[in-house]
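Here is a short report for someone meeting this structure for the first time. Look over the chain, then read on.

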Amino acid sequence: RNIQDLYLDNYVEIGKRDLNSLKDKGLDVKESEFGSLYEKLTKELFIRLGFNVDEELRAKLNTARSKMDILINLGGKDVIIAECKTIKDKDYNKYTAVSRQLKSYEGLCKKNGYHVVQVIIVSNDFSEDFISECEYEYDLGISLITSSDLIQIYEGLKESRLDELPVRLITKGGALNGDRIVKALNR
């Protein structure tokens with residue numbers, strides 16, 4: 001097994017910034033590396049789910065002030081923005097900060113002729129207030145997915161007859177449910 005697979009096996013712990021748990025498993029991650037490692041692993045998961053993670057387009061659209069974590073190219077001028085949030089606390093709850101950030105990213109895409117179909121925020125968990133605010137966001141379509149649900153969906157896809165995850169399953173908006181998505185994959 002390679003190191004990438006070991007990190008993916010511990011994706012949830014990396015999202016939690018759980019140094020002790022990772023050390024117990026023989027993985028040495030510096031505190032300053034958690035954000036970029038979580039982002040890299042999330043990209044890898046989206047690629048394994050069959051999505052076109054377009055690094056070239058992301059680099060072209062990003063500016064010094066606005067740097068999207070992940071850009072999924074759906075073809076034509078349609079894209080999905082994915083933002084990764086590691087958190088030491090129990091759940092992610094900083095909606096106002098992330099909302100401004102995501103609207104800035106959408107503006108970048110729009111200015112360059114791209115249509116943002118959906119924004120996906122990936123974190124270990126989300127506070128009820130955060131989920132509620134996202135559900136009533138009218139400027140952006142936002143889907144929330146936890147680290148454990150993303151891993152569950154990836155494992156479910158491997159067991160299904162499909163080669164890639166249908167994009168409609170992650171663009172429903174609000175808090176996504178891994179169990180329901182896996183059930184949909186196995187119909």
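## The sheet

Five strands make up an open sheet, ordered E1-E2-E3-E4-E5, with mixed pairing. Strand E1 (70-75) and strand E5 (174-175) are at the edges. Each has a single partner strand, so one side of each has no neighbour in the sheet. This is a predicted model.

Strands in a sheet are held in pairs by backbone hydrogen bonds, parallel or antiparallel. Strand E4 (residues 142-146) pairs with E5 in the parallel sense, over 2 bridges. Leu 144 has Ala 175, in E5, as its bridge partner.

## Helices across the sheet

Helix H8 (residues 147-159) lies across E3 and E4. It runs at about 85 degrees to E4.

## Helix H4

Helix H4 covers residues 34-48, which is 15 residues. From its first C-alpha to its last it reaches 21 Å, close to the 21 Å expected at 1.5 Å a residue.

Which residues of H4 are buried? They are Phe 34, Leu 37, Tyr 38, Glu 39, Leu 41, Thr 42, Lys 43, Leu 45 and Phe 46. Just after H4 comes Gly 50, with a positive phi of about 100 degrees.

## The whole chain

The protein has 9 helices and 5 strands. Along the sequence, the pattern reads α-α-α-α-α-β-β-α-β-α-β-α-β-α.

The radius of gyration is 16 Å. A compact globule of 187 residues would have a value near 16 Å, so the two agree. The C-alpha trace spans about 45 × 40 × 35 Å along its principal axes. Of the 187 residues, 50% count as buried. Take the contacts with a separation of 6 or more: 63% of them involve residues 24 or more positions apart.

## Confidence

How high is the average pLDDT of the protein? It is 91, and 96% of the residues score at least 70. Confidence is highest in E1, at 97. It is lowest in helix H7 (residues 128-135), at a mean of 87.

How values were computed
Residues are numbered from 1 along each chain as its sequence is written. This is a predicted model: local features need pLDDT of at least 70, side-chain atom pairs count only at pLDDT 80 or more; totals for chains, interfaces and linings use all residues. Side-chain values use heavy atoms; hydrogens and water are left out. Two strands pair if DSSP finds at least two bridges between them. Helices (H or I, at least four residues) and strands (E, at least two) are DSSP runs, numbered from the N terminus. Contact means heavy atoms within 4.5 Å. Axes are lines fitted to C-alpha atoms, for helices over the stretch in contact, and angles run from 0 to 180 degrees between N-to-C directions. pLDDT is the predictor's confidence in each residue, from 0 to 100. The expected span of a helix is 1.5 Å times one less than its number of residues. Buried means under 20% relative accessible area, exposed over 50%, partly exposed in between (1.4 Å probe, protein chains only). The radius of gyration is taken over C-alpha atoms; the globule rule is 2.2 Å times the number of residues to the power 0.38.
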